[in-house]
Amino acid sequence: MTVKSIDKQYVLNTYNRFDLHLVEGKGSVVKDENGKEYIDLTTGIGVTAFGIADEKWVEAVTAQLTTLQHTSNLYYTTPCAMLAKAICEKTEMSKVFFSNSGAEANECAIKVARKYASDKGYDRYNILTLNNSFHGRTLATLSATGQQHYHELFNPLPAGFVHADANDIDCVISTAKENNVCAIMIECVQGEGGVIRLDTDFVKAIYSYAVENDILFIVDEVQTGNGRTGELYAYMNYSVKPDIFTTAKGLGGGLPIGACVVGEKAQNVLGFGDHGSTYGGNPVACAGALSVFERLTDELLAEVKYKSQYVFDALSKCDGVESVSGMGLMIGIKTKKPVGDVIKECMRNGVLTLSAKDKLRLLPALNIDFEILKKAVDVIKSACEI
Ligand SMILES: Cc1ncc(COP(=O)(O)O)c(C=O)c1O
């Protein structure tokens, strides 16, 4: 039996995989079982921020792996403490809860928001999120996700989430008032929703409304965070400051980690026993994440912006492209051809890409070699041609 047939038989049927079995890689190039090479513009959906088998990351992970791979959260470990310190210092936030995924980071944010309101004596528990958002696959984060089709098969979903239209501040404020919300949670760029960047005025208006009404402002940076948009976190493009931001994906560089990062206002909301996770703050995951986080320098962020501009310019001019959206190296391309056909054509020609709704989505490594990126963009251009 081949790996593909074994997988089909034994792995639960939730992923519609491409006919591709990857076996190894280096940087932004991966190889399949037959030795065919592909330029990887997917990074495991925004995870391998510095590419495959990045030397510094491997070194940090291996050193920790051979020293202390796990202990419980009953004890202190160096990587967990140092990563939390680094994140808080760089973002001027106060405290971090580590989880294992983006959805779990959002679960923590939801718990903090609910308890913040009850500690304050407010009769509030609803959380407002935006239509077309995506916040995860656990039951609560599915409920938070503002896309009806994710909800349909899993009712009843946890109550306490309401949705309003993106880029419509009147709709957000009226929905918030009607439902007495304790928090508003947004993605600055709706990733799964089609790489749609929220308007600056809209994000600023939500922030002001939240501050004025003591409603927690939560930014989901699971996909947009850790340098992806050309700033350390996407909210930094908007000159706003969340009370909580959540992140995951690129932070880990390839090992599972999530973080719920809490600012001053809500830093003491959760106390002993209010939340926890067996693996949360795992030393190996944290050591890898620290090696990623420390390299998200201003120089790297400038490089992300430069490469982003190149891709935007090159693809906007292309005949087969209707529009290009997104921010930094989180890029959505509305193609004239069906996106599935473009992805397959790119793959045939050695470039791996993603979709987001009806768009082609690119999430390359932040340090992708410029010549490799150019080569991949040429392949995309010809795949888009009609
Ligand atoms: C914005 C956003 N939030 C949450 C999640 C869920 O993250 P995870 O799959 O790590 O649970 C995702 C995943 O794509 C995401 O893009």
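Mentor: A salt bridge is taken here as a side-chain nitrogen of Lys or Arg within 4 Å of a carboxyl oxygen of Asp or Glu. The model is predicted, with local features needing pLDDT of at least 70 and side-chain atom pairs pLDDT 80 or more, whereas totals for chains, interfaces and linings use all residues. Residues are numbered from 1 along each chain as its sequence is written, and side-chain values use heavy atoms, without hydrogens or water.

Trainee: Which residue forms a salt bridge with Glu33?

Mentor: A search of the whole structure finds 15 salt bridges, and in the one that involves Glu33 the closest N and O atoms are 3.3 Å apart. Glu33 sits in the loop between β2 (29-32) and β3 (37-40), and its partner, 29 residues away, belongs to helix α1 (residues 3-10); helices (H or I, at least four residues) and strands (E, at least two) are DSSP runs numbered from the N terminus. The partner of Glu33 is Lys4.

Trainee: How many residues does domain 2 bring to the contact with domain 1?

Mentor: The domain assignment, which is automatic or from a database, gives domain 1 as 3-54 + 297-384 and domain 2 as 57-293, and their C-alpha centres lie 25 Å apart. With contact meaning heavy atoms within 4.5 Å, domain 1 contributes 27 residues, and the number from domain 2 is 28.

Trainee: What area is buried between domain 1 and domain 2?

Mentor: Buried area is the accessible area (1.4 Å probe) that two parts lose on being put together, summed over both. Carbon and sulfur atoms give 59% of the value between domain 1 and domain 2, and on the domain 1 side Met327, Met330 and Lys357 lose the most area, together 30% of what that side buries. The total buried between the two domains is about 2,300 Å².

Trainee: Which residue meets Glu192 in a salt bridge?

Mentor: The count of salt bridges between domain 1 and domain 2 is two. In the salt bridge of Glu192, the N to O distance is 2.8 Å, and the side chain that Glu192 meets is that of Arg361.

Trainee: Where does Glu92, a residue other than glycine with positive phi, lie?

Mentor: The phi value of Glu92 is near 55°. As for its place in the chain, Glu92 is found in the loop between α4 (78-91) and β4 (95-99).

Trainee: Which residue is joined to Pro156 by a cis peptide bond?

Mentor: Pro156 belongs to the loop between α7 (148-151) and β6 (161-164). The omega of the cis bond is about 0°, and the residue joined to Pro156 through that bond is Asn155.
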